[in-house]
Amino acid sequence: MAVDATQPYDDQNIFARILRGEIPSRKVYEDDFSLAFHDINPQSPTHILVIPKGAYVSWDDFTAKASDAEIAGFVRAVGHVARDAGLVAPGYRLLANTGTHSHQEVPHLHVHIMAGRPLGPLLAR
Ligand code: 5GP
């Protein structure tokens with residue numbers, strides 16, 4: 001069921017539970033503002049999710065309410081994770097589904113880092 005990006009934050013969502021350590025994840029990186037881990041159902045050879053530690057439903061919620069420090073820290077974390085994984089030279093794709101039409105499934109902001117092969121056109125045709 002796709003997420004309504006305007007809904008209030010649900011602290012029982014799966015990524016909130018990963019942040020609290022209630023559910024395991026294959027962690028790639030962590031700092032004060034962000035956590036990165038491998039997607040459980042990878043759509044490309046490398047498929048990493050980066051999430052802010054704060055309680056934000058979506059990109060919209062985050063960019064409207066997060067502090068400058070959280071936003072800067074999160075954006076830098078995404079760049080760091082991709083760089084550290086050796087993805088800059090071959091290239092990678094970032095994706096942040098937001099709301100119903102994008103088919104966002106988990107109501108905690110996440111940026112997908114996808115890489116490891118030519119990824120084809122941006123959208124399914
Ligand atoms: P969305 O469609 O919301 O942009 O993407 C949600 C992503 O979260 C999907 O790619 C899905 O495979 C991933 N995912 C869902 N549940 C879990 C989980 O419990 N652990 C991990 N690591 N990834 C998950």
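View 1. The space taken by the ligand is the largest pocket, a pocket being, on a 1 Å grid over the protein atoms alone, an open set of points with protein on both sides within 12 Å along at least five of seven lines, and a molecule sits in one if more than half of its atoms lie within 2 Å of its grid points. This is a predicted model, in which local features need pLDDT of at least 70 and side-chain atom pairs count only at pLDDT 80 or more, whereas totals for chains, interfaces and linings use all residues. Residues are numbered from 1 along each chain as its sequence is written, and side-chain values use heavy atoms, with hydrogens and water left out.

**View 2. The shell around the ligand.** The ligand is surrounded by 16 residues (a heavy atom within 4 Å), and the closest are Asp 39, Asn 97, Glu 105, His 110 and His 112. Helix H1 (14-19) and strand E2 (34-38) each supply at least two residues of this shell, and H1 gives the most, with 3 residues; helices (H or I, at least four residues) and strands (E, at least two) are DSSP runs numbered from the N terminus.

**View 3. His 103 in its loop.** His 103, in the loop between strand E4 (92-95) and strand E5 (111-115), is not a glycine and yet has a positive phi of about 70°. Most residues other than glycine have a negative phi.

Conventions
On a 1 Å grid over the protein atoms alone, a cavity is a set of points where a 1.4 Å probe fits but cannot get out, and a pocket is an open set with protein on both sides within 12 Å along at least five of seven lines; lining residues have an atom within 4 Å of a point.
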